[in-house]
Amino acid sequence: MKNLECLAKDVICKAGDMAFWATSMVPAAARQKLEEFSPRPIGMCKTVNTISLQYDAQIIIPAYNAEKYIQQCLDSVFAQVSDYRILVSIVNDGSTDGTNNAIQEAVKKHKNDGRVQNIAVELITQENRGLSGARNTALQHIKGNYVTFVDSDDVLTEDAIKTMLDNAYLHDADILQGGWYTFIEEERTNYIPPEGGKMEDCDKVLSGYPWGKLYKYSMLADFQFPEGFLYEDTPLSFIIAVLSCRCFAIKDIVYGYRQNPNGITATSKKSTRAVESYWITEECLKEFPLFGVPYDQRAYEYLLRQSLMNAGRARLQPREIRKAEFVLTSELMGTYFAGFHTQEPKMKKIEQALRNRQFTKFEMLRMGQ
């Protein structure tokens, strides 16, 4: 792979810009190709949630066919010791295995444990609506001053909620980012975010994941995860994190993320739905005005970085599909960011390839990143 990346860089350096022709594919044809390959979902981010604050934190846990790991997840949640009032919202999203029994056993064990009295539980059972739909069911009735998300195969570290809430209240944070680790069986890798506390630091300190964070209720009052999309987490970083807010990061490890070879993240790149990474990018830009998010330099730089992520996710798809996604991304730049120029030196050639619709050059640059 490294040899291929070096070759790509070498070719681009030696070939003049004129060596790369602009693609002849027009946006209308590109959209038709992408729609036929993987139809655009219709979910959206804007909604109105009910706010009824009764707890310091609400932990939202969607669960679908999660019997293998859900007890370990819930044990880590119910082991959180603090003086804060906590609500655990578990959404059984139409599971067809033993998930419900596993949840019931974990909840019963918790209720019989007299050591922790300040953690309440609500169990919601619904027909399958997917990860977004499960999270949204709990979000429809926000009951915590802060909200955090935990996936059913992941875990919280000891005192994670106390540590996060202590810091969130201390700094009056709108979004608080904690450190995390990824694990496969006994193998573990830690990730520590850079510390920051200013609004302009949000892009630097926040990961693209929904977990490992606290969100103040007001940040999610009119937000839902767009149903039907893969990569439904994107709006949290593309829309929510760019609102006028106070973002803080702490170096404490608060979350354990299980690298599941059968999970959505691992399997999506081989699926035709990989192009939904582009579709969700398009949806976010479309909804900017609904959230009062400006089409500014920050959003433009995000789109450039996102173009590489989208292309990377779709790299196993047919060339004509990758080209269609590229053409539509170039069209987004012209629609929302005409006249903008990147301030990041590493992105200048990417920007140039997109502006000039030089697909082959863009692909080679992506490989060289």
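This is a predicted model: local features need pLDDT of at least 70, side-chain atom pairs count only at pLDDT 80 or more; totals for chains, interfaces and linings use all residues.
Helices here are DSSP runs of H or I, at least four residues in length, numbered from the N terminus.

I shall begin with helix 13, which spans residues 348–355. Just after helix 13, Arg357 adopts a positive phi of about 55°. Within the helix, Ile350, Glu351, Ala353 and Leu354 are buried. These residues cover an arc of only 165° around the axis, and therefore lie on the same side of helix 13. What do the buried residues of helix 13 pack against? Their partners are helix 11 (297–313), helix 12 (319–336) and helix 14 (359–368).

Let me turn to strand 9, residues 247–258. Nine of its twelve residues are buried, so the strand is largely enclosed by the rest of the structure. Strand 9 pairs with strand 6 (residues 175–184) in the parallel sense, over eight bridges, and Phe183 stands opposite Arg258 of strand 9. With strand 5 (residues 155–156), strand 9 pairs in the antiparallel sense, over two bridges; here Val155 stands opposite Gly256.

Finally, the nonpolar cores. The largest contains 67 residues, and Ile175, Leu220 and Ile240 touch the most other members. Apart from this core lies another, of 37 residues, including Ile59, Ala102, Ala168 and Tyr255. Which residues is Leu220 in contact with, leaving aside its neighbours within four places in sequence? They are Asn49, Leu139, Ile142, Val147, Phe149, Tyr215 and Leu236.

Thank you for your attention.

Key. Residues are numbered from 1 along each chain as its sequence is written. Side-chain values use heavy atoms; hydrogens and water are left out. Buried means under 20% relative accessible area, exposed over 50%, partly exposed in between (1.4 Å probe, protein chains only). Two strands pair if DSSP finds at least two bridges between them. The arc is that of the directions from the helix axis to the C-beta atoms. Contact means heavy atoms within 4.5 Å. A nonpolar core is a set of buried Ala, Val, Leu, Ile, Met, Phe, Trp, Tyr and Cys residues joined through side-chain atoms within 4.5 Å.
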